[in-house]
Amino acid sequence: MLTYSYLCTLMNNTIQPTMDYQYHIFSPYRVCPLGAHVDHQHGLVTGFAINKGVDLWFNVRKDNVVKLSSRTFEGNVEFLVDAPSQVKERHWGDYARGAKFALRKRFALKYGIEGVLQGSLPVGGLSSSAAVLVAYVMALAKANDISLQPFEVVKIASEAEREYIGLNNGLLDQACIALGKKDGLLFLDCDSNDYRIIKRNPNLPEFEIGIFFSGLTRSLVNSDYNLRVYECKTAAWNMLAYTDQPLKAFDKTFLRDIPKATFDKTRIAMPSRFARRAEHFYSEYRRVRQGVTAWESGNMKLFGKLSFDSCESSINNYECGSPELIAIYEAMRDLPGVWGGRFSGAGFKGACIALVDPAYKDEIQQKLTERYLSQFPEYEQTFQIFWVKPDDGARFV
């Protein structure tokens, strides 16, 4: 078993592979300042790709074999690219098999790859699973001479995570990773799939993104992520039933399809836990709209406040967040130089993110570390802070 300290050494130092590879893909991690927990309900989201992520070095093989190793996780992976995907092994190689699964639904795959994968930050809250899926989709497409537009990569990688890995996600993670631009904010409508990159307003102050890693890793498949998705859909079913509207199949039911006015009429009738999930969706929809306007006008103060408000709703309405994450969030709210932030990812363990004034980075790092470890001294060896910036999306290097 790899130790945490050894993993951090691997992740904080870019280790070039020991053999020569023809191709190199960098697939970034992502952060979402606004639009939490709503993509699976076809909501509105925002996000950045960041300058830390997953590197995949590979060669195209002349046969149908995929052989992969990892510099972050133990073991090797080997399977046939043209054979049906087998039962999941609950191993990091499932993500490569998932990419094959989704691609084979559309294309004939003939050639495999041989390569090595490496991550650059601890797993938890930055959509590392989506980053590796995007990299594998791009690599297998390259090996088989398949031309994919960036949004096709988004849809294929998302489908792999839903249908093979078993996470009922939307398009947020893959869209940020594949479509992100270093000089703008991604704004995506998860209902229509329309998106645009909103360029930085010249009046927007310089900022960096703090990644405050709690020291706990987590797997969304093993968290309450899927349960929250079902609760949102149940809230939608409640509203349809209370207003005598036809029910749709559960997998075709989304809060986005139900007007806020219907929620206002029916919220008192439904169990409170379902009402809280719907309240988060409708309030987050409003916050994203306001946040896009704030970003376009260069108002970082308002944009940051809305991100804080998003986290408050995640805690109180969506009811996610471990004690560790809540402690980080409460500490960073009071620190100078922090414009805003929230839980990253689904908010079950993992990390918090913050938009910060670079001039305050040292002070933020010192004070946040002191406050967090005074509450959770058991994480002294695993709590970490990273500073990142927006970056372009997944690409061949």
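Reader: Which residues is Val54 in contact with, leaving aside its neighbours within four places in sequence?
Author: This is a predicted model. Val54 is found in strand β2. Leaving aside neighbours within four places in sequence, its contacts are Ile25, Phe26, Ser27, Tyr29, Leu117, Gln118, Gly119, Ala131 and Val132.

Reader: Is Val54 buried or exposed?
Author: Buried means under 20% relative accessible area. Val54 has a relative accessible area of 2%, so the residue is buried.

Reader: How far apart are the C-alpha atoms of Val54 and Gly304?
Author: Along the chain, Val54 and Gly304 are 250 residues apart.

Reader: What separates the C-alpha atoms of Val45 and Ala83?
Author: Val45 and Ala83 are 38 residues apart along the chain. The separation of their C-alpha atoms is 36 Å.

Reader: How many bridges join β1 to β2, and which residue stands opposite Arg30?
Author: Strand β1 covers residues 23-31, and nine of its nine residues are buried. β1 and β2 run antiparallel, joined by eight bridges.

Reader: Which residue of β13 is the bridge partner of Ile25?
Author: β1 also pairs with strand β13, residues 395-396. Two bridges join these antiparallel strands. The partner of Ile25 is Phe396.

Reader: What do β6 and β7 form, and which residue in the turn has a positive phi?
Author: Strands β6 (residues 184-189) and β7 (residues 195-199) run antiparallel, with five bridges. Leu185 stands opposite Ile198 in β7. The two strands form a hairpin with five residues between them, and the turn residue with a positive phi, about 70°, is Asn193.

Reader: What span should α4 have, and how far apart are its end C-alpha atoms?
Author: α4 has 16 residues. At 1.5 Å a residue, the helix should therefore span 22 Å. That agrees with the distance between its end C-alpha atoms, which is 21 Å.

Reader: Which elements do the buried residues of α4 pack against?
Author: The buried residues of α4 include Phe151, Val154, Glu159 and Tyr164. Just after the helix, Gly166 takes a positive phi of about 100°. The buried residues pack against α2, α3, α5, β6 and β7.

Reader: Which residues lie nearest the centre of the second largest pocket?
Author: This pocket holds about 510 Å³ of space. α4 and α6 each supply at least two residues of its lining. By class, the lining has six nonpolar, six polar and nine charged residues. Of the 21 lining residues, those nearest the centre are His42, Arg162, Asn169, Asp251 and Phe254.

Reader: Which residues does Asn238 touch, not counting those up to four places away in sequence?
Author: Asn238 is found in helix α6, residues 225-242. The residue counts as buried because its relative accessibility is 14%. Not counting residues up to four places away, Asn238 touches Met270, Pro271 and Phe274.

Reader: Where is Asp244, and what is its phi?
Author: Asp244 is found in the loop between α6 and α7. Its relative accessible area is 72%, so Asp244 is exposed. Most residues other than glycine have a negative phi. Asp244 is not a glycine, yet its phi is positive, about 55°.

Reader: Is Glu319 buried or partly exposed?
Author: Glu319 lies in the loop between α9 and α10. Its phi is positive, near 55°, in a residue other than glycine. At 33% relative accessibility, Glu319 counts as partly exposed.

Reader: How far apart are the end C-alpha atoms of α8, and which residue follows the helix?
Author: Helix α8 has 26 residues, so at 1.5 Å a residue it should span 38 Å. Its end C-alpha atoms are 37 Å apart, which agrees. The residue that follows α8, with a positive phi near 80°, is Gly298.

Terms used: Residues are numbered from 1 along each chain as its sequence is written. This is a predicted model: local features need pLDDT of at least 70, side-chain atom pairs count only at pLDDT 80 or more; totals for chains, interfaces and linings use all residues. Side-chain values use heavy atoms; hydrogens and water are left out. Helices (H or I, at least four residues) and strands (E, at least two) are DSSP runs, numbered from the N terminus. The expected span of a helix is 1.5 Å times one less than its number of residues. Buried means under 20% relative accessible area, exposed over 50%, partly exposed in between (1.4 Å probe, protein chains only). Contact means heavy atoms within 4.5 Å. Two strands pair if DSSP finds at least two bridges between them. On a 1 Å grid over the protein atoms alone, a cavity is a set of points where a 1.4 Å probe fits but cannot get out, and a pocket is an open set with protein on both sides within 12 Å along at least five of seven lines; lining residues have an atom within 4 Å of a point. Grid points are joined across faces, edges and corners, and a volume is the space filled by probe spheres set on the points. Ala, Val, Leu, Ile, Met, Phe, Trp, Tyr, Cys and Pro count as nonpolar, Asp, Glu, Lys and Arg as charged, and the others, Gly among them, as polar.
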